[in-house]
Amino acid sequence: MPLDRSDRGSAEIRVGFAWLPATGRSVGAVLTQEGGPGYPATGTAAGFVSMLGPVLDDHDLLLVDARGTGRSAVIDCRPLQDLAPPAARPALLAAAGRCGDRLDHTWRRSDGTWQHGSQLFTTAATVEDTAAVVRRLGTEPVDLYGDSYGSYFAQSFMSRHPELLRTVTLDSTYETVGLDPWYRTSAVVAHRALDLACQRSAACAAVQTPASGTSWDRIGRLVQRLRAHPVSGLAPATDGTRRPVTVDVRALVNMVNDAGYDAEVYRQLDPAVRAALAGDPLPLMRLYAQDIGYDYGDYDGPARSYSDAAYLAVACTDYPQLFDMRAATATRRAQLASAVAGADPSWFAPFTASEWTSMLDYTETYAGCLTWPAPVGALDPPVRAGAPLDPGHVPVLVLTGEFDSLTPDLGARHVARQIGSTATVLEAANNPHLVALEDAQTTCGAAAVRTFIASHRVVGPRCLASVAPLVLRAGFPTTLGQASPGVVAAGSPSAAARRAASVAWGAVLDAAYRYAVVAGRTDAGLRGGQVVVGDGGRVVRLEHLRWVGDATVTGMVDLTTGGTVTVRADDGQAWAIRLPGLTVDGIGLVQVDRATVRTAG
């Protein structure tokens with residue numbers, strides 16, 4: 001494909017795609033586009049296959065990598081790609097500026113002059129690449145599915161090439177037209193979601209009092225404390241070791257936003273905030289180390305898996321900014337500072353606008369484009385001025401998660417209004433980012449997509465409205481004496497035994513949840529000891545693990561059938577505790593001292 005379709009002397013790039021034929025007789029093709037921007041569609045092939053399931057019996061699957069990603073002229077800018085988030089913003093901006101300059105000196109026109117490559121990896125360009133592939137293969141019309149940024153791409157595609165489409169599914173979408181450069185709806189949804197997640201989780205709701213306030217109130221109190229005294233120390237990392245971690249207000253801003261696409265942050269953030277307010281910052285530091293290691297892991301990995309440069313090349317050209325991208329860098333900095341200083345204090349409270357916009361620039365590019373090269377000449381926007389989003393009146397399914405603060409439901413509903421009567425919104429209750437592709441909370445999203453592609457109309461499923469609430473962690477006790485004693489279900493156990501049962505169950509639940517985010521089979525215990533996971537995550541072995549500071553938990557548990565552990569206090573007391581298999585609601589019937597105790601983790 002030409003790097004620049006408006007330039008007859010343009011250099012060419014290669015656009016890569018994958019084609020999976022239907023297992024039976026094909027009646028059409030499904031075209032999928034991945035998010036980021038920066039992720040290649042082919043990198044999520046297995047996820048798309050799982051989501052579509054039986055649809056692929058009679059539908060082909062086409063995955064076209066967006067230019068700059070995967071197999072399509074992937075951009076690999078060093079040291080930008082090697083920066084380990086959350087890197088200091090000056091380092092990111094320096095690397096971004098060098099990357100943009102490099103893109104402007106990589107491809108030559110036929111006359112030997114340089115092409116301004118930093119502005120040629122846009123959504124519109126990727127749409128035209130993809131449309132050309134669809135036509136070359138002769139698969140039109142297609143059913144288009146886009147998730148996250150892929151839904152931004154899909155809005156551009158449906159506006160430009162309605163003749164190539166049969167249906168469009170937008171999963172976790174935000175506005176291609178009229179996007180707010182402040183992203184204020186993210187703060188609105190984060191506030192709402194954190195409070196609702198606590199109210200709907202029994203363990204969290206049980207500790208709510210008028211004095212403690214809501215989850216958002218507690219975050220506000222922690223913000224005040226962190227402004228004066230950030231917390232630092234060694235905490236378990238995702239590589240099984242303990243590493244230095246500092247949690248300041250910027251770190252808290254990142255965790256609040258990252259909850260929007262990581263349910264595990266939702267599960268731990270409020271109890272970790274409560275622990276920090278009570279004088280124990282270790283759970284909060286571990287959660288941030290987890291956030292850095294797991295949620296940010298793609299940003300410093302191989303460019304073929306995720307291209308940092310492709311992300312900036314799209315964001316700095318297509319997305320609205322709080323400054324003029326055609327101005328000099330110094331002028332941009334002044335414009336951004338002026339905008340932040342003049343922001344309404346209520347927009348991001350209890351955070352200031354300066355604190356909120358300090359978040360990682362891969363979440364929102366508040367400052368990430370300050371050093372990117374200024375565009376030259378006219379730009380081709382994702383949707384041309386005045387053009388309708390759905391000129392072909394193609395049926396559109398809009399999927400959104402109630403707890404998605406990254407691409408909020410408020411934005412998704414705005415997109416549906418822009419499209420008009422051909423769009424139908426389905427919201428998944430209690431669900432963060434991505435409703436169908438990852439099925440973090442429910443299989444209903446994937447079922448809705450399959451039904452829509454098969455019938456070309458929205459038919460339920462009603463179960464999206466009844467997705468189970470997230471189960472938040474009960475808390476992080478520092479000692480056996482602080483552990484909440486389990487409720488007696490049978491027998492007459494002592495209060496100490498009931499607390500030991502609670503500690504054992506909490507330690508095992510923690511080990512099970514952590515397995516998904518730890519890189520290897522070994523994890524460091526919260527306060528000491530370690531966990532070794534085997535049999536594909538089914539069996540956990542706790543080795544002198546300290547869930548609380550004055551006792552160890554040792555033993556092996558099958559997360560399906562259960563097992564026995566020993567809780568041994570530092571004062572010599574010990575209890576043999578029989579645990580059940582992992583439960584969906586986080587509540588276990590635990591046997592100790594010939595009694596049964598009901599406890600929450």
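Which strands does helix H15 lie across, and at about what angle does the helix run to S8? Helix H15, residues 444–455, lies across S2, S4, S5, S8 and S9. Its direction is at about 175 degrees to S8, the strand at 396–401. Before I go on, please note that this is a predicted model.

Let me start with the sheet. It is an open sheet of 7 strands, and the order across it is S1-S3-S2-S4-S5-S8-S9. The pairing is mixed. At the edges stand S1 and S9, and each has a single partner strand, so one side of each has no neighbour in the sheet. On average, neighbouring strands are turned by 15 degrees against each other, with direction ignored.

As a detail from that sheet, take S4 and S5. S4 covers residues 142–147 and S5 covers 165–171; the two run parallel and are joined by 6 bridges. Val 142 stands opposite Leu 165 in S5.

Helix H1, residues 45–52, lies across S1, S2, S3 and S4. H1 runs at about 150 degrees to S3.

Now the charged side chains. How many salt bridges does the count come to? The count comes to 28.

Arg 109 is partly exposed at 27% relative accessibility. Asp 7, at 19%, counts as buried, because the cut-off for buried is under 20%.

The next pair is Arg 67 with Asp 129, with 2.8 Å between the closest N and O atoms. Here the loop between strand S3 (60–64) and H2 carries Arg 67, and helix H3 carries Asp 129, so parts 62 residues apart in sequence are tied together. Are these two residues buried or exposed? Arg 67 is buried, with a relative accessibility of 2%. Asp 129 is buried too, at 1%.

Then there is Glu 427 with Arg 413, at 3.2 Å between the closest N and O atoms. Glu 427 belongs to strand S9, residues 423–428, and Arg 413 to helix H14, residues 409–419; the two residues are 14 apart. Glu 427 is partly exposed, with a relative accessible area of 23%. Arg 413 is also partly exposed, at 34%.

As for the network, salt bridges link Glu 128, Arg 160, Asp 380 and Arg 384.

On to the aromatic side chains. There are 22 aromatic pairs in the structure. One of them is Trp 347 with Phe 348, an edge-to-face pair with 6.3 Å from centre to centre and 80 degrees between the planes. Trp 347 is partly exposed, with 27% relative accessible area, whereas Phe 348 is buried at 1%.

What kind of pair do Phe 476 and Trp 547 make? Their ring centres are 5.6 Å apart and their planes are at 55 degrees, so the pair is tilted. Phe 476 lies in the loop between H15 and strand S10 (487–490), and Trp 547 lies in strand S13, residues 539–548, so the pair ties together parts that are 71 residues apart in sequence. The loop that holds Phe 476 therefore brings us back to H15, the helix I opened with. Phe 476 is buried, with a relative accessible area of 7%. Trp 547 is buried as well, at 3%.

Some of the tyrosines go together. Tyr 39, Tyr 296, Tyr 299, Tyr 306, Tyr 311 and Tyr 362 form one aromatic cluster.

Arg 108 lies over the face of Trp 114, at 3.7 Å from the ring centre. Arg 267 lies over the face of Tyr 513, at 5.9 Å from the ring centre.

To recap, we have an open sheet of 7 strands with mixed pairing, H1 across S1, S2, S3 and S4, and H15 across S2, S4, S5, S8 and S9. The salt bridges come to 28 and the aromatic pairs to 22. That is what I have for today.

Definitions and conventions:
Residues numbered from 1 in each chain as written. Predicted model: local features only at pLDDT ≥ 70, side-chain atom pairs only at ≥ 80, totals over all residues. Heavy atoms only, no water. Salt bridge = Lys/Arg side-chain N within 4 Å of Asp/Glu carboxyl O. Buried < 20%, exposed > 50% of the residue type's maximum accessible area, 1.4 Å probe, protein only. Helix = DSSP H or I, 4+ residues; strand = E, 2+ residues; numbered from the N terminus. Pairing = 2+ DSSP bridges. Axes fitted to C-alpha atoms, helices over the stretch in contact; angles between N-to-C directions. Contact = heavy atoms within 4.5 Å. Phe/Tyr/Trp six-rings, centres within 6.5 Å; stacked < 30°, edge-to-face > 60°. Lys NZ or Arg CZ within 6 Å of the ring centre and 35° of its normal.
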